Amino acid sequence: MPGTCTVPARVAVMAGRCVRLARRSLPALALSLRPSPRLLCTATKQNTGQNLEEDTGQNEQKTDAPSAEKTLMEEKVKLEGQLKETLEKYKRALADTENLRQRTQKLVEEAKLYGIQSFCKDLLEVADVLEKATQCVPKEEIKDDNPHLKSLYEGLVMTEVQIQKVFAKHGLLRLDPLGAKFDPYEHEALFHSPVEGKEPGTVALVSKVGYRLHGRTLRPALVGVVKGA
């Protein structure tokens with residue numbers, strides 16, 4: 001059986017050679033499988049670059065968020081200022097409009113009240129003539145035996161009374177300040193003279209009566225004022 005024993009022996013020899021060959025090849029295989037420093041450096045750089053990009057993106061997002069909020073706050077403050085300015089202009093415009101309306105209304109009312117001022121001044125001359133005419137008629141001559149003079153005088157008096165009623169109807173009042181305190185807004189002093197029994201500063205003589213239209217002096221009364229001793 002010498003041929004049968006030889007085969008196993010050959011197999012064993014070949015197995016030993018394979019084991020020795022594998023042992024020799026292991027270090028080279030391990031060396032080939034070990035990562036290269038250059039590859040490791042490149043991978044590290046790539047990872048580092050990605051991390052830096054991610055960190056930069058996050059920082060930019062964090063930076064952009066406060067910047068956007070700051071911009072919105074500035075815009076809000078600006079709009080609030082514009083709104084406040086617009087409201088102030090609106091209020092001033094309303095106030096100016098109201099003042100203009102009141103002034104216009106006052107002017108219209110004054111025009112209604114004092115629009116006849118020039119006409120009244122002209123009529124005052126007529127009233128003065130009537131008053132002088134009645135004053136010039138001697139009272140002792142007004143008798144029944146002189147009917148023409150009596151009728152004329154009574155007609156003048158009636159005309160004078162009627163014209164004063166018309167004046168009063170339109171706000172024109174007669175000023176006869178005899179014995180009253182001198183008022184520079186309603187009286188015009190022609191002279192000052194001491195008068196016994198009269199208080200200084202009072203009106204002693206009325207040379208020409210005055211008139212007042214709706215509370216405004218249309219013509220001051222011409223008077224003589226008592227002077228202190």
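Predicted model: local features only at pLDDT ≥ 70, side-chain atom pairs only at ≥ 80, totals over all residues.
Student: What share of the contacts in the protein chain between residues at least 6 apart in sequence join residues at least 24 apart?

Tutor: Start with the contacts between residues at least 6 apart in sequence. Among these, pick out the ones that join residues at least 24 apart. That share comes to 65%.

Student: Let's zoom in on α3. How far does it reach from its first C-alpha to its last?

Tutor: Helix α3 covers residues 117-136, which makes 20 residues. At 1.5 Å a residue, 28 Å is expected. The model comes close to that, with a reach of 29 Å.

Student: Which residues of α3 are buried, and what covers them?

Tutor: The buried residues of α3 are Cys120, Leu124, Ala127, Asp128, Leu130, Glu131 and Thr134. An α-helix has 3.6 residues a turn, so residues three or four places apart point the same way. As for the cover over the buried residues of α3, it includes α4 (147-169), β1 (172-175), β3 (203-208), β4 (210-213) and β5 (216-219).

Student: Which element gives the most to the lining of the largest pocket?

Tutor: The largest pocket holds about 170 Å³ of space. Its lining is made of Asp128, Glu131, Lys132, Gln135, Asp176, Val206, Ser207, Lys208 and Val209. Both α3 and β3 supply at least two residues each. The top contributor, with four residues, is α3.

Student: How many residues in that lining are nonpolar, polar or charged?

Tutor: Asp128, Glu131 and Lys132 are among the residues that line the largest pocket, and Asp, Glu and Lys count as charged. Sorting the whole lining by class gives two nonpolar, two polar and five charged residues.

Student: Last one: is His214 buried, partly exposed or exposed?

Tutor: You'll find His214 in the loop between β4 and β5. Its phi is near 50 degrees, a positive value in a residue other than glycine. Buried means under 20% and exposed means over 50%. The relative accessibility of His214 is 33%, so His214 counts as partly exposed.

Definitions and conventions
Residues numbered from 1 in each chain as written. Heavy atoms only, no water. Contact = heavy atoms within 4.5 Å. Expected span 1.5 Å × (residues − 1). Buried < 20%, exposed > 50% of the residue type's maximum accessible area, 1.4 Å probe, protein only. 1 Å grid on protein atoms, 1.4 Å probe; cavity = no way out; pocket = protein on both sides within 12 Å on 5 of 7 lines; lining within 4 Å. Points joined across faces, edges and corners; volume = space filled by probe spheres on them.
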